[in-house]
Amino acid sequence: PPDLFRWAVDRNIDEIVVAMDDRRRGFPMHELLECRLSGIEVLELPSFLERETGKVRLDVLNPSWIIFGDGFRASPVQRVLERGFDLLASLGLLVLALPLMALAVLGIKLEEGPRAPVFYRQRRVGQHGEIFEVLKFRSMRVDAEKFGAQYATENDPRVTRLGAFMRKTRIDELPQLINVLRGDMSFVGPRPERPEFVCQLEERIPYYRERHTVKPGITGWAQLCYPYGSSEKDTVEKLQYDLYYVKNRSLLFDLAILVQTVEVVLWGKGAR
């Protein structure tokens, strides 16, 4: 067989991607080591695909890549900075959003009567599997789940007229600022899911549990990168973006996601 190092040098190769399923036989350890020490980048396939796609591909993922690779960790300093940012930003936004929230309350009462509940409280799974109640302005009919828990769908018939507007403009999400203040949620993170669905998804989808190693967020990388969907296939796709966020999260990454979220809200893209 040709000398891998000489072959790479002759062709000015600056990066090698290793995509071998079985490394017990025929693995060119010494050649790859020689390439690595000479300055040629050597990447595993999951790392290459992560960089090129902005998501962690489940079909090529293995536990050792998560355990021994970079990322999937947060220092105590990072956690303090993230919490400080969440507190300051949520307090500031609550003050600014109070007039808009008051109008939302008035609109719900006018559309559905003075006794209509304003807030929608729902049990969700938070960090490390802890259950908490997420707060939203109610955008669906009071009897929306009389037949049990259901995924929301695009153009959901259970949504009220005002609710459709609040969803499009994301006004219905504003009460979650209180969840951020409480520490149940962060500004940025995987969207929290219902316990009824989480139990099923953890059994069917590998690595689904790992998305709960961080706090859920009001917005997230998956929401920006993947259009709305309610099937199990959609859940798998969104999980790959959530795992990318869990692996690479930082305050700078959070700020970039928030800036892009503002653009989405202003242009009305991706709303559901």
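Contact, throughout this talk, means heavy atoms within 4.5 Å. Good morning, colleagues. The subject is a predicted model, in which local features need pLDDT of at least 70, side-chain atom pairs count only at pLDDT 80 or more, and totals for chains, interfaces and linings use all residues. Residues are numbered from 1 along each chain as its sequence is written, and side-chain values use heavy atoms, with hydrogens and water left out.

I begin with the chain as a whole. The protein chain holds eleven helices and six strands; these are DSSP runs numbered from the N terminus, helices being H or I of at least four residues and strands E of at least two. The C-alpha trace spans about 80 × 40 × 35 Å along its principal axes. Of the 272 residues, 40% count as buried, where buried means under 20% relative accessible area, exposed over 50%, and partly exposed in between, with a 1.4 Å probe and protein chains only. Among contacts between residues at least 6 apart in sequence, 71% join residues at least 24 apart.

Leu135 counts as buried because its relative accessibility is 6%. Setting aside neighbours within four places in sequence, Leu135 is in contact with Tyr120, Arg121, Pro175, Gln176, Ile178, Asn179 and Arg182. For Asn179, 44 residues away along the chain, the C-alpha atom is separated from that of Leu135 by 7.0 Å.

I turn now to helix α5, residues 76-112. How do the axes of α5 and α11 cross? The axes of α5 and helix α11, residues 251-267, come within 10 Å and cross at roughly 30 degrees. Axes here are lines fitted to C-alpha atoms, for helices over the stretch in contact, and angles run from 0 to 180 degrees between N-to-C directions. The two helices are therefore roughly parallel to each other; angles under 35 degrees count as roughly parallel, over 145 as roughly antiparallel, 65 to 115 as roughly perpendicular, and the rest as oblique. In this contact, Leu81, Glu82 and Phe85 of α5 meet Leu251, Asp254, Leu255 and Leu258 of α11. By class, the contact residues are five nonpolar, no polar and two charged. Ala, Val, Leu, Ile, Met, Phe, Trp, Tyr, Cys and Pro count as nonpolar, Asp, Glu, Lys and Arg as charged, and the others, Gly among them, as polar.

Helix α5 also meets helix α6, residues 161-169, with axes that come within 9 Å and cross at roughly 155 degrees. That makes α5 roughly antiparallel to α6. Ala104, Gly107, Ile108 and Glu111 of α5 make the contact with Arg161, Leu162 and Met166 of α6. These residues divide into four nonpolar, one polar and two charged.

Also in α5 lies Gln78, which counts as buried because its relative accessibility is 18%. Not counting residues up to four places away in sequence, Gln78 touches Arg73, Arg249 and Ser250.

Finally, the second largest pocket. The largest share of its lining, four residues, comes from β2. Strand β2 (41-44), together with α2 (29-37) and α4 (63-68), belongs to the elements that each supply at least two lining residues. By class, the lining has seven nonpolar, three polar and six charged residues.

Thank you for your attention.
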